[in-house]
Each structure stands twice: as C-alpha cells, then as structure tokens.
Amino acid sequence: MKRRLFLAAVAAAFALPAGAQTITLHGASQFSDEHAFTKAMMKFEELVKKYYGKPVNFVLHKNSELGLEKQYFEYMAQGKAVDYAIVSPAHMSTFSKAAPFIDAPFLFRDLKHWNKVLDADVLKPVADEIAQKADVMLIGYAGGGTRNIFVNKPVRNMAELKALKVRVQGAPIWSRTFQAAGMAPTVIAYNEVYNAIQNGVIAAGENEAAGVEQMKFYEVAPHLSMTQHAITIRPLCFSGKTFKGLPGELQAAILRAGKEAGAYGRQIESSEDAAKLDALEKAGKLKRVPFTERAQMKRLVDPVIEAYAKEIGADGILAKINAIK
C-alpha cells in the first residue's frame, strides 16, 4: 500500500503543467543515516540542489523501507517508486552479464589501483549496456569497502577454509571463484544471512566493514578472516525514464552531482573501513583473524576470473584493468 502511494505521488508531481510543480525525486537505501551509501546519497541531494539552483525535493527512503537493492533496480528500470539508489552490480546481471564482474574477487590489487580504474572510466562499456538494456544510468561510483569473510570459527589458511559454507552474492562469478578456492558457496538473500548462520544453514558470509556493522553479523559470526578478497564498487544509479522527463538544467546537475557524490562515497567508505573494525574489536564484538595464504587463494581464483571474463565478453575490460599500474 505504501509503495502504491509513493508511486501515485510521483506520477502526480510529473503530471502537473511545466512550471507549476516542484519536482520530487525518490531515493532508497537499505541502511540508516550512518551508512556510507546513505551518506553518499545525501551528498548527491545536496549537490544537485547546489548545481540546479532551483527548487527540487528529495525523499530518501532508508532502512529498507522500499525493500532491498534488487527491488530498487527493478523500480528504476520501470520508472516507478525509486528514482535513484546505490545498488550492487550483482543485481544488474539480468541486463548485463559484465556488470557483476566490475567488483569481482581479486580484480584489484589495492585501493590505489581500484581508484585509478574508476577514474580512467574503464567501466563505461558496462554502464552503456545497462543504460541501453535496463534504462538505468550509472551516474557515479561509490563503494570502497574491502571485503573479508565473517565466520563462526577462526579461519586462518586454505585448509581451514576448505568446504566452508559461505553465503555469496547471486552473480555466478562469486560462486565460481569461491568454489575454486575450495569453499562451498551458497546464494542467500542478504537480509536472511544472520538467521542462516544462527541456524547453522551456513557458517559464514563475506562483506565490507560497514555491512558487518550495520547488519550485526558479528553477533553470529564474530571471527573476521582477513582474506581481503574484493574491493566494492557500488554504482549510484538513476532511472533513465525519470531522467528523460526532467528539465535539461536538472539533468546536467544530476550528472555532475552523481560523479562527485560517488567519489565522496568512495572516500568515506574506504577511510571508515579500518576505523569500524577497530571499534568493533575494541568493544569485544569481533576478532580479526589474519589470513596467511591470500596469494595461494588468488592463484586458484585468477584462471576462473580470466575464463569468466572471456565468457561474458569482458576480457577487454579485464585487460584494461590489469594494464593500469
């Protein structure tokens, strides 16, 4: 019922004659005000208002009020209920096989390399494909969290990692790479991970510090195995259908603000990562466990990444990523 009311409100706003309404844009976040994604979207609102210089309203629906990221992307593709959101590339795979590849495990050497790739606009072919097939625009790139494995027991090396039942994102690249490393990956909805570990369905999941903190995964999986297997990219998305109906000056403001808000989100999340883990460990909620065989894991995963890139036509993107020093 709530969502139908939001929809009706948005439709009503755009139905009014030009100049007779203040445009309202609806955003969505799974998280609270404290999460880096929410902060990036609030920065986006601030920058759009600054660059547009005319009245425009923003309503940001937080704490999964409008569902999960998968739904946000579907709504944006339909031009309904959600106009902008930060969404995991894994949820774009229906429209672009290459999308989940952009933050695949072991794709980036470190944060410096990751930032250079984003600044070089290497991911433009993926953005173009999503714009064409889903009618959703990738207007900025947030993320920056280093992902590790949270688990209900200490995992220090490949032997202890073997056959670990771990939740992964739905995109095939995640299951394939974790299988190659010897784990037993399973796809479970993000909001069901806590209960799945608590009930013994799985023993672990993988996430950046912000997600571990927000979802309180440390309560059921207090050991954080420092595999550092991925650095997140979380595109700031905007509905193409909504965008086409906006004034040209507002469109320009959105594109400019999107790029800057994405960079702001990256800076926040990458800098907050260690601080969040320090605080959790100091509070006795979490224990970081050094993982001593990351290089060995990478050697097992690299051939899978290369084969998958070729399969989905992303081998050119992979080559450009690897060429950036």
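Is Phe 217 buried or exposed, and what is its relative accessible area? Phe 217 is buried, at a relative accessible area of 1%; buried stands for under 20%, exposed for over 50% and partly exposed for values in between, with a 1.4 Å probe and protein chains only.

## Before you start

This is a predicted model, in which local features need pLDDT of at least 70 and side-chain atom pairs count only at pLDDT 80 or more, while totals for chains, interfaces and linings use all residues. Residues are numbered from 1 along each chain as its sequence is written, and side-chain values use heavy atoms, with hydrogens and water left out.

## Around Asn 207

Let us begin with Asn 207, which is found in strand E7 (residues 204-207). Strands (E, at least two residues) and helices (H or I, at least four) are DSSP runs, numbered from the N terminus. Asn 207 is buried, with 4% relative accessible area.

The side chain of Asn 207 makes a polar contact with that of Tyr 190, at 2.9 Å. Such a contact is a pair of N or O atoms within 3.5 Å; within protein, one must be able to donate a hydrogen and the other to accept it, and residues adjacent in sequence count only if both atoms are side-chain atoms. Leaving aside neighbours within four places in sequence, the residues in contact with Asn 207 (heavy atoms within 4.5 Å) include Thr 146, Arg 147, Tyr 190 and Phe 217.

## Rings that pair

The structure holds 10 aromatic pairs. Rings of Phe, Tyr and Trp (its six-membered ring) pair if their centres lie within 6.5 Å; planes under 30 degrees apart count as stacked, over 60 as edge-to-face and the rest as tilted. For Phe 73 and Phe 95, the ring centres are 5.7 Å apart and the planes at 50°, so the pair is tilted. Phe 73 lies in helix H3 (residues 69-78) and Phe 95 in the loop between strand E3 (84-86) and helix H4 (111-119), so the pair ties together parts 22 residues apart in sequence. Phe 73 is buried, at 1%, whereas Phe 95 is partly exposed, at 26%.

The rings of Tyr 190 and Phe 217 have centres 5.8 Å apart and planes at 85°, so this pair is edge-to-face. Tyr 190 counts as buried at 15% relative accessibility.

## A cluster and a charge

One aromatic cluster is formed by Phe 44, Phe 58, Tyr 84, Phe 238 and Phe 243. Elsewhere, Arg 256 lies over the face of Tyr 51, at 3.7 Å from the ring centre. A charge sits over a ring if NZ of Lys or CZ of Arg is within 6 Å of the ring centre and within 35 degrees of the ring normal.
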